[in-house]
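Reader: Could you walk me through this structure, starting with the overall picture and then going into some detail?
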Amino acid sequence: GQSSLSTIVVCRQGCACRRSVLRGECPIDKTGVRPAHKTSTGHPREERGSQDSQRNAVIVGIGGPMKHYRAALVGLGNIAWQFDSKVTAAHRPLSHAGTYLCNKRVKLVGGFSPDVSERKAFVRSTGCAAFSSLELLLKEGNPDIVSICSPSQFHFEQTVGCIENGVPMIWLEKPPAATLAEVDDLLSLVARRQNKSTVMVGFQ
């Protein structure tokens, strides 16, 4: 059927993460939450990152093989990852990055921001690659999932870019676009692309 924008609920696993969730200390439980990947003690180069798997790589899990998804962030502000870096007490993930890093089936491969200071802070805190353009992120990160966490005036063009590049899943922060006409255009584009991309809007 025709694809539509829909509501999503984030992190139902009850993961008791701490501030260090972005550095790889997320506890594991029976719901599938895993420790996030450990980062090196050095400072990774800003625009580079190791890529140890390709899109739709398969990992072995209980009951058979499971897909290992590659996730990326567009926008590197509070909801993208910084909320988790500002909390000292135990807490569930408060950001897109925190949620990805606590899921054993997801690898956070990088993020994009035009702001060099945001890119450097993201690399320093997570050990993931940061890119200066959406095009580079999509090309080098090869993500299965993209979280669009940028200012709302950029949501439409960045979502279009992801759809046109065949990103299978787009997690779009609210509001999905600046106007209803842009939302209609997104739906039409998804339909024209034969629903190869799913767009989900996250809101409370």
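Author: What follows covers the chain as a whole, then a pair of strands and one threonine. This is a predicted model, in which local features need pLDDT of at least 70, side-chain atom pairs count only at pLDDT 80 or more, and totals for chains, interfaces and linings use all residues. Residues are numbered from 1 along each chain as its sequence is written, and side-chain values use heavy atoms, with hydrogens and water left out.

Reader: How many helices and strands are there in the chain?
Author: The chain has six helices and eight strands, taken as DSSP runs (H or I, at least four residues, for helices; E, at least two, for strands) and numbered from the N terminus. Along the sequence they follow the pattern β-β-β-α-α-β-α-β-α-β-α-β-α-β.

Reader: And which strand is joined to β7 by five bridges?
Author: That is β8 (residues 198-202), which runs parallel to β7 (residues 169-173); two strands pair if DSSP finds at least two bridges between them. Within this pair, E173 stands opposite G202.

Reader: Switching topic, is T126 buried or exposed?
Author: T126, which is found in helix α3 (residues 116-126), is buried, with a relative accessible area of 0%. Buried means under 20% relative accessible area, exposed over 50%, and partly exposed in between, with a 1.4 Å probe and protein chains only. Of the 204 residues of the chain, 46% count as buried.

Reader: What lies 2.7 Å from a polar atom of its side chain?
Author: The backbone oxygen of F122 lies at that distance from a polar atom of the T126 side chain, and the backbone nitrogen of C128 lies 3.1 Å from a polar atom of that side chain.

Terms used:
A polar contact is a pair of N or O atoms within 3.5 Å; within protein, one must be able to donate a hydrogen and the other to accept it, and residues adjacent in sequence count only if both atoms are side-chain atoms.
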